[in-house]
Amino acid sequence: MAGDGREYYPENIPVAESIRKILRHLPSFSDDQYYYMAERRLLVLQVSLPDEELRLFLFISRVTEEHIDALVNEVIPARLALTYLLRSKIEIGREIGRVTDEILTNAFSGMKSRLEAVLRRNGIDLEEKQSYRIMLVEAEDRSMEELEADFKASLCQLMHSYSDVMLCPLLWHGRGLVIMPDIEEIPEHPIREHEHCMYQILQQWQKDFSKRHQVTLDCGVGDMHLLHDLLKAYQEARLALSYGRTKHEQGFFRYYHDCGIVRNIFAGGVEPAFEFCRMALGRLLDYDGENDADLLATLKLLLETNFNYTTTAAELFVHVNTVRYRSDKIEQLLTRDLNDPDVRFNLYAAVRVREILVDMHILPSGYVGSVSSHEKLRNHEEAVSH
C-alpha cells in the first residue's frame, strides 16, 4: 500500500474483498507497532522503507492477545525478508514502468518497429494471428495513477473468474489501457458459455469499479485488428474516448463503431480528418484567429439549436441581433447557404471533428488574436445590436 492510500496487490492473484476492506480502513501505525483486530483475531504488522511510499503488511490470523508479543518476536526473520522483498519490488516496479512506457511509445507513437517483437522481448506474449481490441479508460474526477493498483487487480480478477480470458491491463499517459483478444471471434472460447459476452462483463466491471472508488470512468473501445495493426485499434479507442468526452457524456462505454459519420471521416487516419475540417471551416478559423472573434462558437450553437437565434443569443449572453450579424458573416466567409440542410450537416460534422482533434491534442484549442481588431469587431457588433 502507498502512503496516499493506493493499494497494490500481486497482479496475478485475486484479492478477497474482505482483505481490501481491511487495507482501506487500516489506521496509521509504524513498523515498531502492530494493529490487532480482536473480533477477527487478526494481527497486522507493517514493513516499510525510509523515503518510500510503498509498504508491506503481514497478516497473521487466529491470534489471541496473550500470544501477540511472542508472535511479533518469532516473525522478526520474516519481516527482515519482507524488507528485502519490498526493496526489490520497488526497484523492479520502476524498471517495469520504464519498460512499459518504452513498449507503448514504440507501439502507439507511429514508430515502425514491430509491436509483437517489442512486446515479446518484454514478457508480454500475444499471438501474431489473433485479433485484438484496445480499451482506453479515463477517470473524470481522479487520476488513473491513484487507481492503478485496483484497476489492474480488478481486471485480473475477471481473468480468474472467467477461465482462459486474457486481459493485459496497463497504464500509459495517464490512461488505463487494456489489450484483449476478440472473444466473439473464437466460437469455442469458454466465456461464450456464460450468459453475458465479454464486453457486457467489462461494462459491469466499469460500473462496479466506479461505485467502489466513487469515480466516473469513461471507456473507449476500438475495433479488432491483427497484432501488427494494433496501432489502429489504439487510435480507434482514442477516438471513441474523445467522441464521448466532446459530447460531454459521463460514465460512457463507447465503441468505435458507434461514432457515426465521424468514424468514416477518421477512417483514413488523422490527416484526412484534419483536411476535411480545414476545407469546411478554414476561412472561419482564420477569421476567428485574426480578429479574436467567436464565429465558430456561434456556428456550433446555431447548428445545435437548428438556427434558433434567440436561444443561441441566450447561450452566448449577447443580443439576438449580434447573432444575426454573426450568422450573416459566417455565410459570407464560407460562401455557403446556411439554409441548405446538406451544408448544415457537413458543417456540424466538421465542428465535431475539430472538437475531437482538439481533445486528442492534435489541434490546439485556442488561437492568436489581435487586440486592435478584436476591439474593432466588438464595437461593430455593439452598433449592430443597438
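In what order do the three strands of the open sheet stand, and is the pairing parallel or antiparallel?

Reply: In this predicted model, the three strands of the open sheet follow the order β1-β2-β3, and their pairing is antiparallel. β1 (34-37) and β3 (55-60) are the edge strands; each has a single partner strand, so one side of each is left without a neighbour in the sheet. Direction ignored, neighbouring strands of this sheet are turned by 20° against each other on average. In general, strands of a sheet pair through backbone hydrogen bonds, either parallel or antiparallel. Between β1 and β2 (residues 42-48), the antiparallel pairing runs over four bridges. Within this part, Y36 has L43 of β2 as its bridge partner.

Helix α5 (residues 144-161) has 18 residues, which at 1.5 Å a residue should span 26 Å; its end C-alpha atoms are 24 Å apart, which agrees. A kink of about 30° in α5 is centred on D150, and D150 is also one of the buried residues of this helix. Others among them are M144, L147, F151 and K152.

Helix α13 (residues 341-359) contains 19 residues and reaches 27 Å from its first C-alpha to its last, close to the 27 Å expected at 1.5 Å a residue. At the start of α13, a side-chain oxygen of D340 comes to within 2.9 Å of the backbone nitrogen of D342. α13 is mostly covered, with 14 of its 19 residues buried. After α13 comes H361, which has a positive phi, near 65°.

Conventions
Residues numbered from 1 in each chain as written. Predicted model: local features only at pLDDT ≥ 70, side-chain atom pairs only at ≥ 80, totals over all residues. Heavy atoms only, no water. Helix = DSSP H or I, 4+ residues; strand = E, 2+ residues; numbered from the N terminus. Expected span 1.5 Å × (residues − 1). Bend = angle between axes of the 7 residues up to and from the residue. Buried < 20%, exposed > 50% of the residue type's maximum accessible area, 1.4 Å probe, protein only. Polar contact = N/O pair within 3.5 Å; in protein donor to acceptor, adjacent residues only side chain to side chain. Pairing = 2+ DSSP bridges. Axes fitted to C-alpha atoms, helices over the stretch in contact; angles between N-to-C directions.
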